[in-house]
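Reader: Hello! I am new to reading protein models, and I would like to know how each label is decided. Could you take me through this one?

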Amino acid sequence: MSDAARKLRVLLATGRLCVVPCCFDALSARLVEQAGFAVTFMSGFSVAAARLGMPDTGLISFGEVLDQGRSICQAVTIPVIGDGDTGYGNALNVKRTVREFARAGFAAVMIEDQRAPKRCGHTRGKSVVGRDEAILRIRAACDARDDARAAGGDILVLARTDAAAIHGLGEAIVRARAFTAEGADILFVEAPGSEADMATICREAPGRHLANVIDGGLSPVLPPARLAELGFALAAYPLALLSASIVAMRTALAGLECGKGLPAVPLGFDELRRLLGFDAYDEDAARYAVR
């Protein structure tokens with residue numbers, strides 16, 4: 001069984017809320033792990049931004065996402081949840097997406113019910129497939145998960161619906177219940193508009209729920225303790241690291257452009273060397289040096 005999936009199952013079984021900073025490359029994932037967090041999430045929004053410099057509007061390909069995911073999973077020992085978007089096609093494409101995410105080392109894969117090209121859940125212009133098609137996507141994802149487990153691997157299925165923005169919260173809850181009936185391990189009802197809606201989701205669609213915490217998004221930004229009280233199992237912060245990195249780079253660039261040199265408190269070269277493992281590399285290389 002996949003060690004990453006096993007670790008995530010153990011975390012979820014504790015019943016405690018997991019705070020999940022989202023990463024976008026191997027370095028940001030490693031920083032999440034070094035900060036002491038038990039799980040990270042490869043944010044599709046952030047990967048599209050960091051890898052392509054483009055919006056999360058379905059422009060990034062399956063192969064690019066999978067390649068980024070392999071690098072991230074190989075860089076850390078904590079479980080990584082991956083954004084599988086719509087599964088990149090019909091139900092058979094969904095099955096392949098889940099299989100390949102499992103092989104890449106992901107602990108879980110998110111599959112959603114948007115129409116292609118999908119969009120960030122907190123932007124305008126979203127649309128979703130019909131309920132039956134949405135359910136079939138999750139059925140296919142769960143079948144692929146079960147096939148992986150039978151072959152000695154494992155991955156969890158995070159089933160997402162964006163139906164609340166188009167058809168109302170009631171339809172989103174109906175879909176979430178159906179996803180659980182199909183065997184989804186985690187539920188994600190995207191972009192509830194109020195704290196009351198968030199409470200309703202957790203109450204009326206039993207299961208382990210993920211909250212998406214975006215400053216300036218469509219949902220209230222609640223502290224982790226309150227999210228736990230409402231019944232959420234995971235609190236994902238998809239843009240926190242991306243936003244912080246952009247601000248830091250802009251600050252450094254502004255200093256250089258004005259002739260001020262590096263920022264007042266840069267990360268020193270020695271710390272960068274340690275962070276990236278130069279010392280460990282040199283120690284290992286010394287074992288094989290020709291004498």
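This is a predicted model: local features need pLDDT of at least 70, side-chain atom pairs count only at pLDDT 80 or more; totals for chains, interfaces and linings use all residues.

Reader: Which element gives the most to the nonpolar patch?

Author: That is helix 12, with 3 residues. Helix 12 (269-276) and helix 2 (26-34) are the elements that give two or more residues to the patch.

Reader: What makes a nonpolar surface patch of about 640 Å²?

Author: Its members are Leu27, Leu31, Leu267, Phe269, Leu272, Leu276 and Phe278. To count, a residue needs over 30% relative accessible area and no salt bridge, and nonpolar side chains (Val, Leu, Ile, Met, Phe, Trp, Tyr) are joined within 5 Å. The areas come from the Shrake-Rupley method with a 1.4 Å probe, and for residues only the protein chains shown count as cover.

Reader: How do you know whether Leu276 is buried, exposed or partly exposed?

Author: Buried means under 20% relative accessible area, exposed over 50%, and partly exposed lies in between. Leu276, in helix 12, has 42%, so it is partly exposed.

Reader: How many disulfides does a search of the whole structure find?

Author: The search finds 0. A disulfide is a covalent bond between the sulfur atoms of two cysteines, and the cut-off here is a pair of cysteine sulfur atoms within 2.5 Å. The closest cysteine sulfur to that of Cys23 is in Cys22, 7.2 Å away, so they are too far apart for a bond. Cys142 is in no disulfide either, as the nearest cysteine sulfur, that of Cys202, is 19 Å away. With a relative accessible area of 1%, Cys142 is called buried, and Cys23, at 0%, is buried too.

Reader: Why is the contact of Arg160 with Glu112 called a salt bridge?

Author: Side chains of opposite charge can pair when their charged atoms come close. The rule asks for a side-chain nitrogen of Lys or Arg within 4 Å of a carboxyl oxygen of Asp or Glu. The closest N and O atoms of Arg160 and Glu112 are 3.5 Å apart, so the pair passes. The pair links distant parts of the chain, with Arg160 in strand 5 (residues 156-161) and Glu112 in strand 4 (residues 108-112), 48 residues apart. Arg160 is buried at 4%, and Glu112 is buried at 1%.

Reader: What about the side chains of Arg137 and Glu133?

Author: Their N to O distance is 3.8 Å, so this is a salt bridge as well. Both residues lie in helix 6 (residues 131-150), 4 residues apart, about one turn of the helix. Arg137 is buried at 6%, whereas Glu133 is partly exposed at 39%. The structure holds 25 salt bridges. One of them joins Asp284 and Arg287 at 3.9 Å, where Asp284 is partly exposed at 40% and Arg287 is exposed at 61%.

Reader: How many cavities of 30 Å³ or more are there?

Author: There are 3. A cavity is a set of points, on a 1 Å grid over the protein atoms alone, where a 1.4 Å probe fits but cannot get out, and lining residues have an atom within 4 Å of a point. Points are joined across faces, edges and corners, and the volume is the space filled by probe spheres set on them. The largest cavity has a volume of about 210 Å³. It is lined by 21 residues, and the closest to its centre are Ser43, Asp83, Arg160, Asn212 and Pro238.

How values were computed
Residues are numbered from 1 along each chain as its sequence is written. Side-chain values use heavy atoms; hydrogens and water are left out. Buried means under 20% relative accessible area, exposed over 50%, partly exposed in between (1.4 Å probe, protein chains only). Patches are made of residues with over 30% relative accessible area and no salt bridge: like charges are joined within 9 Å, nonpolar side chains (Val, Leu, Ile, Met, Phe, Trp, Tyr) within 5 Å. On a 1 Å grid over the protein atoms alone, a cavity is a set of points where a 1.4 Å probe fits but cannot get out, and a pocket is an open set with protein on both sides within 12 Å along at least five of seven lines; lining residues have an atom within 4 Å of a point.
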